[in-house]
Amino acid sequence: MAPACKRRVSGKALANGSVGVSEPEPSLSTARGRSAVYQVFENVAEKYDVMNDSMSLGIHRVWKDILVHKMNPSPGTLLVDVAGGTGDIAFRFLNYVRSVRERQLQQKLRHHQNLSWQEISKSYQEEKSNPLGDSQVVVCDINKEMLKAGKQRAQHLGYSEGLSWVLGNAEELPFDDDKFDVYTIAFGIRNVTRIDLALQEAYRVLKPGGRFLCLEFSHVSNPLLSRLYDLYSFQVIPVLGEVIAGDWKSYQYLVESIRRFPPQEELKAMIEDAGFLKVDYQNLNSGIVAIHSGFKL
């Protein structure tokens with residue numbers, strides 16, 4: 001479980017000379033805490049992509065590309081992307097599978113030089129009618145506003161085939177056992193109430209042999225970079241939130257949630273406790289983010 005927020009000292013001296021201490025922020029484990037988190041993402045939904053670009057200087061796009069390349073899905077893969085309301089991982093998945101499918105067709109044609117033009121035409125027609133090779137991605141998110149933003153992006157970018165949207169809680173997924181080939185969660189697991197329950201649900205809905213992939217902000221290994229990163233996170237990101245989205249508090253929460261999140265080795269142990277095997281992780285940008293991977297074997 002993610003630990004509760006630390007009590008904040010207001011720094012304002014009282015009449016008796018003592019320092020006033022504000023009330024502790026709601027823990028994720030309380031109903032008030034869960035409601036607060038929901039409200040954060042409802043507030044940031046419309047500006048979420050713009051803020052991601054501003055907060056990470058656009059690097060979040062590279063991190064998500066690396067996640068999908070690490071997944072290396074093939075045509076026919078069934079993916080569930082949890083807490084993926086804006087569709088970033090889903091769209092990358094669809095693009096990747098479509099590209100693999102096209103390469104497979106080209107290789108097939110090169111290896112069958114003696115095909116007639118009718119057979120070549122038939123192959124292209126089959127490819128055109130099924131460009132994803134029966135691959136599908138289900139985007140599951142607990143927040144209606146995030147899903148709404150994702151659907152609008154999908155419509156604007158022309159994504160429809162092989163894509164569906166489901167309102168659901170990561171701790172109690174509305175899916176059958178042994179359903180998906182791959183489970184991804186990008187920048188979402190630190191916001192769930194019970195990380196252990198979310199991991200157990202990930203294990204449950206994956207098929208035997210299925211893969212779990214988590215992309216999340218983590219703990220920076222370089223001391224100097226860590227200090228600079230903290231300075232940027234606490235002094236710059238909330239200001240950007242206020243300027244771009246008109247919402248200081250939500251982005252202050254996002255920064256604090258990163259600092260409360262378990263470090264790489266601790267999360268690795270939690271994933272193993274959920275039943276996954278061959279668990280490892282890859283640090284990106286000195287541990288600013290990490291990709292954890294595990295298999296249901």
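Reader: In which order do the seven strands of the open sheet lie, and what is the pairing?

Author: Strands of a sheet pair through backbone hydrogen bonds, either parallel or antiparallel. In this predicted model, local features need pLDDT of at least 70, side-chain atom pairs count only at pLDDT 80 or more, and totals for chains, interfaces and linings use all residues. Residues are numbered from 1 along each chain as its sequence is written, and side-chain values use heavy atoms, without hydrogens and water. The order is β5-β4-β3-β6-β7-β9-β8, with mixed pairing. Strands (E, at least two residues) and helices (H or I, at least four) are DSSP runs numbered from the N terminus; two strands pair if DSSP finds at least two bridges between them.

Reader: Which are the edge strands?

Author: They are β5 (163–167) and β8 (277–284), each pairing on one side only. Strand β8 joins β9 (residues 289–295) in the antiparallel sense over six bridges, and Leu 277 stands opposite Phe 295 in β9.

Reader: Which strands does helix α11 touch?

Author: Helix α11 (residues 264–273) packs on the sheet against β7, β8 and β9, contact meaning heavy atoms within 4.5 Å. The direction of α11 makes about 155 degrees with that of β8; angles run from 0 to 180 degrees between N-to-C directions, with axes fitted to C-alpha atoms, for helices over the stretch in contact.

Reader: At what angle do α9 and α10 pack?

Author: Two packed helices are described by the angle between their axes and the distance between the axes. Helices α9 (residues 237–245) and α10 (residues 248–260) pack at about 145 degrees, with their axes 8 Å apart.
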